[in-house]
Amino acid sequence: MDLIPTDPGLGVVGQSKCWNTKVLTWAKIQEELQKTHEFPGFIKVYVILTTAPRHTSVQQQMPRDGCSYERPQGKFQVRIFYWDDLQNLDFIPQEEFQRVFPRLSSLATPAQPTGPSLADYSQSLQFARMFLPTLISQEHLNWLATWDYTLGYVPAKYFDLFADLNIELDRTRHAIKDPHLRIWLNEGYRLQLSKCLPAADPIFKAIESFAQAVGGETVSVCMPDGGLAYGHAHVGTAAQIAHNWKFHAEALLAAYREVVEGTSPSY
């Protein structure tokens, strides 16, 4: 349990799966629910808070993001809330916000967005061509172009970059849209990502599509050389999944080359 109520009779508990949980499957949720057998307190509702993208195995078992679970002490409801559904942080009391997010609350003057408007496309394109090659290496681009997706897995050493970018792009887009979340641009390289817009939007959308296409079908596995990878165990749809992964990888590569390298796609 990550969150338990001060009132033992309330029966609401929480489990947090933060940004480093790239894939949250139903099997992982079952592991966490099994641990409630050892929890002595009363459970009426078990809430899962996650920054991981939606996974098909969870959606099948938790229609409308909810289900029930029965432990020896009795049955309780299970609810899952995704970061993508979060509009703002206004629901957190100011005192708790300062305690849990001291770095954010200590920034008295949030950074103002400097991302270009549509009229500043040329400026954002110039910045994107300077910044994105420092973020996405040529080695990663070569991997996108040459990896055999029919193997049914992708190495973490390459895919993690795009999975992490998917999360950071989501934060950046929320910060740009909502003035209350503008302070998020102070974290990591989100401000630089915002300055790549609107020119880099095709690349960003392609990154999000590729990361979600792979992440939505995979779990963590070990590669033959012992390295970490993300793979699927589907048999009947393996060819379709491989085609989908390759399609999104090629779309990402084409968008990058067109925007950053100025290479027109061939049809």
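The questions and answers below go from the overall content to single residues.

Author: This is a predicted model, in which local features need pLDDT of at least 70 and side-chain atom pairs count only at pLDDT 80 or more, while totals for chains, interfaces and linings use all residues. Residues are numbered from 1 along each chain as its sequence is written, and side-chain values use heavy atoms, with hydrogens and water left out.

Reader: How many helices and strands does the protein have?

Author: Helices (H or I, at least four residues) and strands (E, at least two) are DSSP runs, numbered from the N terminus. On that basis the secondary structure comes to 10 helices and 7 strands.

Reader: What percentage of the residues count as buried?

Author: Buried means under 20% relative accessible area, exposed over 50%, and partly exposed in between, with a 1.4 Å probe and protein chains only. The protein has 267 residues, and the buried share is 45%.

Reader: Among contacts between residues at least 6 apart in sequence, what percentage join residues at least 24 apart?

Author: Contact means heavy atoms within 4.5 Å. Among contacts between residues at least 6 apart in sequence, the share joining residues at least 24 apart is 71%.

Reader: Which residues of α10 meet α9?

Author: The α9 side of the contact is Pro-202, Ile-203, Ala-206, Ile-207, Ser-209, Phe-210, Ala-213 and Val-214. By class, the contact of α9 with α10 has 14 nonpolar, 3 polar and no charged residues; Ala, Val, Leu, Ile, Met, Phe, Trp, Tyr, Cys and Pro count as nonpolar, Asp, Glu, Lys and Arg as charged, and the others, Gly among them, as polar. The α10 residues are Asn-244, Trp-245, His-248, Ala-249, Ala-251, Leu-252, Ala-255, Tyr-256 and Val-259.

Reader: Is α9 roughly parallel or roughly antiparallel to α10?

Author: Axes are lines fitted to C-alpha atoms, for helices over the stretch in contact, and angles run from 0 to 180 degrees between N-to-C directions. The axes of α9 and α10 come within 9 Å and cross at roughly 160 degrees. Angles under 35 degrees count as roughly parallel, over 145 as roughly antiparallel, 65 to 115 as roughly perpendicular and the rest as oblique. That makes α9, relative to α10, roughly antiparallel.

Reader: At what angle do the axes of α6 and α7 cross?

Author: Glu-139, His-140, Trp-143 and Leu-144 of α6 contact Lys-157, Tyr-158, Phe-159, Leu-161 and Phe-162 of α7. These two helices are roughly perpendicular to each other. Their axes come within 10 Å, and the crossing angle is roughly 105 degrees.

Reader: How far apart are the axes of α7 and α9?

Author: The two helices pack at an angle of about 120 degrees. That makes α7 oblique to α9. The distance between their axes is 9 Å.

Reader: Which peptide bond is cis?

Author: Most residues other than glycine have a negative phi, and most peptide bonds are trans. Pro-198 lies in the loop between α8 (190–195) and α9. With omega near 10 degrees, the cis bond runs from Leu-197 to Pro-198.

Reader: Is Asp-65 buried or exposed?

Author: Asp-65 is found in the loop between α2 and β3. Phi of Asp-65 is near 60 degrees, a positive value in a residue other than glycine. At 18% relative accessibility, Asp-65 counts as buried.

Reader: And Arg-64, buried or exposed?

Author: Arg-64 lies in the loop between α2 (56–61) and β3 (66–71). Phi of Arg-64 is near 60 degrees, again positive in a residue other than glycine. At 78% relative accessibility, Arg-64 counts as exposed.
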